[in-house]
Amino acid sequence: MIDEPAGAAYRIEDLAHRSGATVRTIRAYQDRGLLPRPERRGRANVYADTHLARLRQIADLLDRGYTLASIKELLEAWDAGRGLGGVLGLVAEVDGPWTDEEAVRISRAELDERFGGHPDDAAVAEAIELGVLERIPEQEDTFLVPSPQELAVAAELYGAGVPLSAISGHLRELRGQVEHIASRFLEFTAEHVFARYLGEHPPTDADATEAAALVRRLRPLARQTVDAELARAMQLFAHRQLRRHLGGEEPLADTQETRTVTVPAAAMAAVEGLVGAEHAAEFFTVAAEREVRARALDALAARSLPAAVVDEPS
């Protein structure tokens, strides 16, 4: 809560220097009600440590993705005597790592050796664009590897004869599909689990603390569900592929029945503008298959969630 200035006294220029904000930003925060007005001492405006702490709170919340409007609501709740600890704990839980992997460093020489010993600047640039590698400031020949497992898979595929361009293209496609699954899982849990915490106003400290605990419980569920479904699908399609190559099964393209469906002209024009007329049918097929898989994931996740988590309080 904000009291009258006490202890250290700052001019606005000093406050800006200590907080990292500009004088203009400080005045804008005051105008929006995010920062209390300074104490007037004679002809001078005097700021205190409470103002400095508030500026640091605002900067931290902005870094976490909050808008100024939502920050104002949070700070008003804080000034009214409600704690921010639960909310910030929830934010920290969501923003924290969703994997047990730890990033490692790799030199350019080690990287080249793992991929055949032939330097490939174009492949390195694409890996950086995809986030498989990250540059380290002032270290041109060393990279950060956020996911060592992902890099190891790429190296194994390359060693098995898959071109780097095919690996990166596959990763782009896979990433889009996985992001869709993640989005659907979050929409599902937001609707059925977190709806009571995600109102128009910031949650209470107790609600935010409970929501953070739920995030910790749901995080492994997402991975377990995808792992189980991926294993099932891999077994199914690997068996089909093997039978097809051994001549025990006709290609799916020869046996699958096709149907004609009506698509609104506006939707067709939008799809053709996106992928081209020659790929429109393929686009609708892939989109439909992805939606079916997403709904199957939702259904499986619904069965996997503990009843105590998804049931509304009585």
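Predicted model: local features only at pLDDT ≥ 70, side-chain atom pairs only at ≥ 80, totals over all residues.
1. **The chain overall.** You're looking at a protein chain with 14 helices and five strands. Of its 314 residues, 27% are buried. The accessible surface is about 20,600 Å², and carbon and sulfur atoms account for 55% of that. As for contacts in the chain with a separation of 6 or more, 62% of them join residues 24 or more positions apart.

2. **The sheet.** Three of the strands make an open sheet, and if you walk across it the order is β3-β5-β4, with antiparallel pairing. The edges are taken by β3 (104-107) and β4 (134-136); each has a single partner strand, so one side of each has no neighbour in the sheet. On average, neighbouring strands here are turned by 40° against each other, ignoring direction.

3. **Where β4 meets β5.** Have a look at β4 alongside β5 (residues 139-145): the two pair in the antiparallel sense, over three bridges.

4. **The loop residue E138.** Between β4 and β5 there is a loop, and E138 is found in it. Its backbone is worth a glance: phi of E138 is near 65°, a positive value in a residue that isn't glycine. For background, most residues other than glycine have a negative phi. Is E138 buried or exposed? It counts as exposed, because its relative accessibility is 84% and the cut-off for that class is over 50%.

5. **Helices α7 and α9.** Now switch to the helix pair. Two packed helices are described by the angle and the distance between their axes. For α7 (residues 121-130) and α9 (residues 164-192), the axes come within 11 Å and cross at roughly 10°. Angles under 35 degrees count as roughly parallel, and α7 and α9 therefore fall in that class relative to each other.

6. **Who touches whom.** Which residues make the contact between α7 and α9? From α7 it's A123, E126, E129 and L130, while α9 brings in L164, S168, L171, R172 and R175. Sorted by class, this contact has four nonpolar, one polar and four charged residues.

Conventions. Residues numbered from 1 in each chain as written. Heavy atoms only, no water. Pairing = 2+ DSSP bridges. Helix = DSSP H or I, 4+ residues; strand = E, 2+ residues; numbered from the N terminus. Axes fitted to C-alpha atoms, helices over the stretch in contact; angles between N-to-C directions. Buried < 20%, exposed > 50% of the residue type's maximum accessible area, 1.4 Å probe, protein only. Contact = heavy atoms within 4.5 Å. Areas by Shrake-Rupley, 256 points an atom, 1.4 Å probe, with all protein chains shown as cover. Parallel < 35°, antiparallel > 145°, perpendicular 65-115°, else oblique. Nonpolar A, V, L, I, M, F, W, Y, C, P; charged D, E, K, R; others polar.
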